[in-house]
Amino acid sequence: MPSQGLCVSKHDETSSRNQYRTTAAHQMDDRVLLLRGGRYDGRSWTGVVAVGSRVFCGETDAWSTEGIYLVTDQRETTASGEEGNIAVPAFA
């Protein structure tokens, strides 16, 4: 009976077939967002969110579509030295 898992022959020492994935599909650390446009223009927000996702950045304000921002892969450094991803309003 053949064994389950990694199958490596003498001819293929670099095979990765059936190996387990060891990294996350997206970043799971806190991400700094630099909000550009909309109601919260110029503010920053920090939390766990992936590029391409939408997130509510209104903090303690009542929930509204004005607080929903889309995280982009574009990065920027502010004058104070804070580096983060640009987020733009999801509903314009």
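User: Is Glu 59 buried or exposed?
Analyst: First, a heads-up: this is a predicted model, where local features need pLDDT of at least 70, side-chain atom pairs count only at pLDDT 80 or more, and totals for chains, interfaces and linings use all residues. Numbering runs from 1 along each chain as its sequence is written, and side-chain values use heavy atoms, with hydrogens and water left out. Buried means under 20% relative accessible area, exposed over 50%, and partly exposed in between (1.4 Å probe, protein chains only). Glu 59 has a relative accessible area of 57%, so it counts as exposed.

User: Which loop holds Glu 59?
Analyst: Phi of Glu 59 is near 55 degrees, a positive value in a residue other than glycine. Strands here are DSSP runs of E, at least two residues, numbered from the N terminus. Glu 59 sits in the loop between β3 (54–56) and β4 (68–77).

User: How is the aromatic pair of Tyr 40 and Tyr 69 classed?
Analyst: Rings of Phe, Tyr and Trp (its six-membered ring) pair if their centres lie within 6.5 Å; planes under 30 degrees apart are stacked, over 60 edge-to-face, and the rest tilted. Both Tyr 40 and Tyr 69 are buried. Their rings are 6.5 Å centre to centre with 55 degrees between the planes, and the pair is tilted.

User: What about the pair of Phe 56 and Trp 63: which class is that?
Analyst: Phe 56 is partly exposed at 22% relative accessibility, while Trp 63 is exposed at 59%. With 6.3 Å centre to centre and 25 degrees between the planes, Phe 56 and Trp 63 are stacked.

How values were computed
Helices (H or I, at least four residues) and strands (E, at least two) are DSSP runs, numbered from the N terminus.
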